[in-house]
Amino acid sequence: MSDELPQQTALPGAPRPAEGRWHMIRRRTLTLLIIVLLIGIPAGYLVISANQSRASGKDKEAKYSATGLTEGWPSKVQRRLYQVPVPHPAWWVASYETNNWKTSRLYVEFETTDAGLSAFLTSMGVQRHDLRQDDITIGERDRDVTGWTFDGPGTWSGLVHEQKDPAPTHDVVVNHNKPGYPRVYVVSRTVP
């Protein structure tokens, strides 16, 4: 026979031995840690995510509720879609986009150098000599949308760069009031 005694089981109604203080503190700490990990971290993540989503919504609301030119460069997607290659350097840049079921338009205004104007026109597929003096090519409707007035001092010139659909058509007006720093106004129209 073996010298091992069979393990005895506790009787169903027998009292359990008292838990030591150190064991109780460890158990409660572990329970608290589990609660924080299972509830606190996901809850914190949800709060942070909700705040980011709310901020993003406010930014988009401000952008799309604009009713005229807004200071800042058009997005890269807009510049590519409407084929408006704003040159570097350019400053005082402002843009505005309108869309409807018939025509989408991007209005862009900026100031650049003479070299920037030449680069802009060349990248659109036209040359500086294509600008016709005193030809205001941006129509009254587009001027009303943006608030542009082309009656100030300076030498004005313009051109219309028509392309086959779906490529956009560009109406360009340039003010040569500040020698060496032309101000460019562009309306790019595309039919979806």
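Visitor: Which residues are buried in helix 3 (residues 114-124)?
Guide: In this predicted model, Gly116, Leu117, Phe120, Leu121 and Met124 are buried there. Buried means under 20% relative accessible area, exposed means over 50%, and partly exposed is in between, with a 1.4 Å probe and protein chains only.

Visitor: How do those buried residues fall, seen down the axis of helix 3?
Guide: They fall within an arc of 130°, so they line one face of the helix. The arc is taken from the directions from the helix axis to the C-beta atoms.

Visitor: And what covers them?
Guide: The cover includes strand 3, strand 5, strand 6 (169-175) and strand 7. Just after helix 3 comes Gly125, with a positive phi of about 100°.

Visitor: How many helices and strands are there?
Guide: The protein has 4 helices and 7 strands, in the order α-β-α-β-β-α-β-α-β-β-β along the sequence. Both kinds are DSSP runs numbered from the N terminus: helices are H or I with at least four residues, strands are E with at least two.

Visitor: Quick check, how are residues numbered, and what about model confidence?
Guide: Residues count from 1 along each chain as its sequence is written, and side-chain values use heavy atoms, leaving out hydrogens and water. As this is a predicted model, local features need pLDDT of at least 70 and side-chain atom pairs count only at pLDDT 80 or more, while totals for chains, interfaces and linings use all residues.

Visitor: How many aromatic pairs does that give?
Guide: The count comes to 9 aromatic pairs. Take Tyr96 and Tyr107: their ring centres are 6.2 Å apart and the planes sit at 20°, so this pair is stacked. Tyr96 is in strand 2 (residues 90-99) and Tyr107 in strand 3 (residues 104-112), so the pair ties together parts that are 11 residues apart in sequence.

Visitor: Are Tyr96 and Tyr107 buried or exposed?
Guide: Both Tyr96 and Tyr107 are buried. For another pair, look at Trp148 and Tyr185, with ring centres 5.2 Å apart and planes at 75°, so that one is edge-to-face.

Visitor: Where do Trp148 and Tyr185 lie?
Guide: Trp148 is in the loop between helix 4 (140-146) and strand 5 (156-161), and Tyr185 is in strand 7 (residues 183-190), so to speak of distant parts of the chain, they are 37 residues apart. Trp148 counts as buried at 6% relative accessibility, and Tyr185 is buried at 9%. Tyr96, Tyr107, Trp148, Phe150, Trp156 and Tyr185 form one aromatic cluster.

Visitor: What does the side chain of Thr146 reach?
Guide: It reaches the backbone nitrogen of Trp148 at 3.3 Å. Thr146 lies in helix 4 and counts as buried at 14% relative accessibility.

Visitor: Which residues is Thr146 in contact with, leaving aside neighbours within four places in sequence?
Guide: Those are Leu69 and Tyr107, where contact means heavy atoms within 4.5 Å.

Visitor: Last one: how much of the protein is buried?
Guide: Buried residues make up 31% of the 192 residues.

Conventions:
Phe/Tyr/Trp six-rings, centres within 6.5 Å; stacked < 30°, edge-to-face > 60°. Polar contact = N/O pair within 3.5 Å; in protein donor to acceptor, adjacent residues only side chain to side chain.
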